[in-house]
Amino acid sequence: MVDIQSLRTNIKHANAQKPVLSLQTGQLITGKVLKHFPDQLASISIRGMTVMAKLETPVAAGSSYWFLVQQGNMLPTLKIMQPDSDNALLKTDDFAQGKWTSSNEAAMLLRSMRESAIPFTSKQLEEGVSLLKQFGSKELPIIGRMIQEQLPLTPSVLQAIRSIDGTEGLSKTLSTLIQAQNRNGEGEALHSIQNLLQRAQGPDVSSPINEVLRIIIDSTSDQELKQAAVRILSRLGWPDITNTTQPDELMEQWRARSGPSLTPDFKQLLLHTNDQRTLMERWPSVVTQQLLPKEREVMQAAIKHSVSDTVLSEGKPIPFAKQLQQIIQLTGYQHEADITAGKQSTSTLKAALGQLLSEAASPEVRALAESALHKITGYQIQSLQSDSLVHLVAQFPLKLGEYQTDMTLQYQGKKKEDGNVDPNHCKLLFFLTLEHLRETMVEVTIQQRIAHVSITTNQEKPVMLMSLLEPVLKASLHKADYQLSTISWTMWSDNKKMTRSPQPSTQMDYQGLDIRI
């Protein structure tokens, strides 16, 4: 199985621009002296990059050392602490007053910092050693990440980062929490959490077969299109239908059975459940067959209308994109910002979890609420903004039809001069586990409002289905003033650098569409 959480982290680092080495006063770093220049200058190899620095003490070129940054700027001043070798650890008794350098945890963390060539300060090392003593050596990679990303080295931040590296999604944690609340009779915050989950609804889905029926029943459909729809029903195995059956003849049969008012619902027009099951089982095979032009038009309409463009929110239809924005807000990713701005933020999932954590008496409920809180906080920590760039990461519950899953959204883009996000240049990554496709990543790269879509799953590309979907996607993007460039399909097994040992899954039956972009 693909580790979606680990994959998300790996792609974040893979997509990040190669960092410019920034040395700050008080940091320690290992490097190799390459060449000397006048005025105590030297070129030094640090983390695979060559930098010019001023050395307080002349040393032989070609040797590696531990350096202390005494002045960090365009031309850093470095103090040589001691030679660096595979078996030597940094002796910094005079630098850190010997409070922690002799411990096993200090040796372990120093070795890790040396191998990764991550600059660190005495304070970071002291706090990192404290975390290692509290949480154990298994957290060494996370502590290294925290130092590299300049995150606060506190237990709460470590737990938040650790929570998003796990394989369990937010929906699963919340589902277990609700069950635990019910067992312990602690339901005061239960309704708030359940209501928020119910509002995290994806677009409505219906059987594509119903759209085939609607084309036949609709008096405005042209006769050739109706006849193509009849042929589709014949391929599906609709009882008493052949390729030559006339639409009017078929409608008379339906009226005799169901009454004068016909509803495009195959479960009402087919009384026997065995017939209904047969149609649903045969639909995937029809999608993969060669189709005549009018039959393709019928199938495209059926696929397009099987997933609604809108979602009901408080009784009103809104675009699905707007629904995603609301779900992110309801999850609580703006919770602290709203409080800082003086806004009420009591209706978010994060606020409800915080309330539950302060009120629950059950250790089980408290542990689950804390786990869910850490997960939301972990994604908040991974999100970065500056005056010109935006990098946002969020995971939130999402129900697609009757299937409950999580969507992890990663956005990278630039800001315009007015501070708003530039929609002309950005990258979006969607990670989610779908009912049929299972672990799936959709990457959308936009340059000059031209979009390239890349889909990665464990399943082989459904060529015929994609040929039916591509015109639908092009039309939808065109409405939003975007142009589709290409759609690529990759299997995880073809992308081994991005995942941990993926295992092949069973072949997918294309019984339904999991999600439509």
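This briefing covers a helix pair, salt bridges and a surface patch in a predicted model. Residues are numbered from 1 along each chain as its sequence is written, and side-chain values use heavy atoms, with hydrogens and water left out. Because the model is predicted, local features need pLDDT of at least 70 and side-chain atom pairs count only at pLDDT 80 or more, while totals for chains, interfaces and linings use all residues.

**Helix pair α7 and α18**

- Helix α7 (residues 170-184) and helix α18 (residues 363-382) have axes that come within 9 Å and cross at roughly 160°. That makes α7 roughly antiparallel to α18 (angles over 145 degrees count as such).
- Axes are lines fitted to C-alpha atoms, for helices over the stretch in contact, and angles run from 0 to 180 degrees between N-to-C directions.
- Helices (H or I, at least four residues) and strands (E, at least two) are DSSP runs, numbered from the N terminus.
- Arg183 forms a salt bridge with Glu364, with the closest N and O atoms 2.6 Å apart. This pair links distant parts of the chain, as Arg183 lies in helix α7 and Glu364 in helix α18, 181 residues apart.
- Arg183 is exposed, at 54% relative accessibility, whereas Glu364 is partly exposed, at 34%. Buried means under 20% relative accessible area, exposed over 50%, and partly exposed in between (1.4 Å probe, protein chains only).

**Other salt bridges**

- The whole structure holds 13 salt bridges, each defined as a side-chain nitrogen of Lys or Arg within 4 Å of a carboxyl oxygen of Asp or Glu.
- Lys294 and Asp222 pair through their side chains at 3.8 Å, N to O. Lys294 is in helix α14 (residues 293-306) and Asp222 in the loop between α9 (208-217) and α10 (223-236), 72 residues apart.
- Asp222 is partly exposed, with 36% relative accessibility.
- Helix α14 also contributes Glu295, whose partner Arg231 is in helix α10, 64 residues away.

**Nonpolar surface patch**

- Phe37, Met52 and Leu75 form a nonpolar patch on the surface, with about 230 Å² of accessible area together. Accessible areas come from the Shrake-Rupley method with a 1.4 Å probe, and for residues only the protein chains shown count as cover.
- Patches are made of residues with over 30% relative accessible area and no salt bridge; nonpolar side chains (Val, Leu, Ile, Met, Phe, Trp, Tyr) are joined within 5 Å, and like charges within 9 Å.
- Leu75 sits in the loop between β4 (64-71) and β5 (77-83) and is partly exposed, with a relative accessible area of 37%.

Key:
Angles under 35 degrees count as roughly parallel, over 145 as roughly antiparallel, 65 to 115 as roughly perpendicular and the rest as oblique.
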